[in-house]
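Please read these notes with the model open.

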Amino acid sequence: MILHKLEVHDFRNYSSLSLSLSPHVTIFVGQNAQGKTNILESVLMLALAKSHRAGKDSEMIRWGAESAFVAGELERQQRRSSLDLRIMKHGKKVRINGLEKRRISDFIGHLNVVLFAPEDLMLVKGGPQARRRFLDIELGQMSPQYLHNLAQYQKVLQQRNNILKNSDRPDKKMIDTLAVWDEQLIEYGVKLIRKRLEFVSKLQEFSASIHQRITSGGEELTLQYKSSLFEDVPSVDELPSRFQQQLADKQREDFRRGSTSAGPHRDDVEVRIDGKNVNTFGSQGQQRTAALSMKLAEIDLIRQEVGEYPVLLLDDVLSELDEMRQLHLLESMGEKVQTLITTTMTYGLEELMREKAVVYRVQQGILLRA
Ligand SMILES: Nc1ncnc2c1ncn2[C@@H]1O[C@H](COP(=O)(O)OP(=O)(O)OP(=O)(O)O)[C@@H](O)[C@H]1O
Ligand SMILES: [Mg+2]
């Protein structure tokens, strides 16, 4: 898919901006704090209706302005459509072809993106939360149903935790109420786990082969979904009863802690190189390469699932990678994936800039086509 045009008003440090993007590579060059990442963030908003870095949506409204606006023109399966999003101080509105969508989940996933930002190097190095977030974001943009189940699960989890928190010594009535929430927790939780198991096993295949290429056949990368509910991987039919069993076994502990100790909200993905956990034993470089392999694998996976390549957003990551990995990154996207790159340095990119890419210079919220 191709994002042909991008327009933003009162978004971050841009008062007004309208630009065309190359179907291949567009490079945004500028010093620090000029607004390079802000552009990628606005594209991300069109895809996910959520920022990778803003705690609150309203942070993205230009200081002093009432609301922020982002619009894009998308080509997908030879069809053009327009997407737009308005962020207000409270809430946001999304439209496709000028028609407002009441549910955000009907908007998400029309544009698919894969973002690789410096903080993604934490995907392997960081705690389980970073990997759960990765699963949720990626599955979410491919499946509105997943997003819906995730939201429901979180709602039920919160209700369940409220009961656990408010009772040191649970009576029968409370335990009965808990059972009602447990039933729903299991219903939505199992749906999440099934999707995640499926996703990780597909991602594993793509990322293992990419990793092998990056390391010149040297290293074997494996990914495995690690659930807090089971050690082995039970059959799908068994999932509800296993979840039920864990909730029962941990009920006492959960009341004591005031929170739910097992479920998909506590799960993880184990990343191994040659059989060793990279999170614990990997070198800095291995952790980076593994993260890169997982991200690049997403490009293939999205292609497989939705039938088109996503738009690749590379935020300032070239400088983080050594030459070999940089080369692999640029090669692997080649002609087929529309790519937006931000960078402070043009070193090493001269040829690309001269021959193929559209280049913009970014200075204090103003873009100049180079
Ligand atoms: N809501 C806002 N309104 C106006 N300006 C904002 C807003 N939020 C952030 N900014 C400004 O945007 C700038 C940061 O932009 P951005 O993160 O895109 O920089 P960058 O070019 O990616 O820099 P770096 O190379 O350091 O990553 C900061 O100078 C900040 O002051
Ligand atoms: Mg930046």
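Is Lys 295 buried or exposed? Lys 295 counts as buried, at 6% relative accessibility. Buried means under 20% relative accessible area, exposed over 50%, and partly exposed in between (1.4 Å probe, protein chains only).

This is a predicted model; local features need pLDDT of at least 70, side-chain atom pairs count only at pLDDT 80 or more, and totals for chains, interfaces and linings use all residues. Residues are numbered from 1 along each chain as its sequence is written, and side-chain values use heavy atoms, with hydrogens and water left out.

1. Lys 295 meets Glu 138 in a salt bridge (3.9 Å, N to O). A salt bridge here is a side-chain nitrogen of Lys or Arg within 4 Å of a carboxyl oxygen of Asp or Glu. Glu 138 sits in helix H3 (residues 128-142) and Lys 295 in helix H9 (residues 284-306), so the bridge ties together parts 157 residues apart in sequence. Helices (H or I, at least four residues) and strands (E, at least two) are DSSP runs, numbered from the N terminus. Glu 138 is buried as well, at 5% relative accessibility.

2. Other salt bridges. The count comes to 23. One of them joins Lys 92 to Asp 57, with the closest N and O atoms 2.7 Å apart. Lys 92 is in strand E6 (residues 92-96), while Asp 57 is in the loop between helix H1 (36-48) and strand E4 (67-76), so parts 35 residues apart in sequence are tied together. Lys 92 is partly exposed, with a relative accessible area of 24%. Asp 57 is also partly exposed, at 24%.

3. Asp 84 bridges to Arg 95, the closest N and O atoms being 3.0 Å apart. Asp 84 lies in strand E5 (residues 79-88) and Arg 95 in strand E6, eleven residues apart. Asp 84 is buried, at 8% relative accessible area. Arg 95 is partly exposed, at 33%.

4. Nonpolar core. The largest core has 109 residues. Such a core is a set of buried Ala, Val, Leu, Ile, Met, Phe, Trp, Tyr and Cys residues joined through side-chain atoms within 4.5 Å. Among those with the most contacts inside it are Leu 6, Phe 28 and Leu 313. Helix H5 gives the largest share, twelve residues. Domain 1 (1-112 + 308-370) and domain 2 (119-307) both contribute, so this core lies between them. The domain bounds come from an automatic or database domain assignment.

5. Largest pocket. Its space is about 1400 Å³. A pocket is an open set of points on a 1 Å grid over the protein atoms alone, with protein on both sides within 12 Å along at least five of seven lines; lining residues have an atom within 4 Å of a point. A volume is the space filled by probe spheres set on the points, which are joined across faces, edges and corners. Of the 47 lining residues, the closest to the centre include Lys 50, Arg 133 and Asp 136. H3 gives the most to the lining, with ten residues.

Key. Chains lettered and ligands numbered in written order. 1 Å grid on protein atoms, 1.4 Å probe; cavity = no way out; pocket = protein on both sides within 12 Å on 5 of 7 lines; lining within 4 Å.
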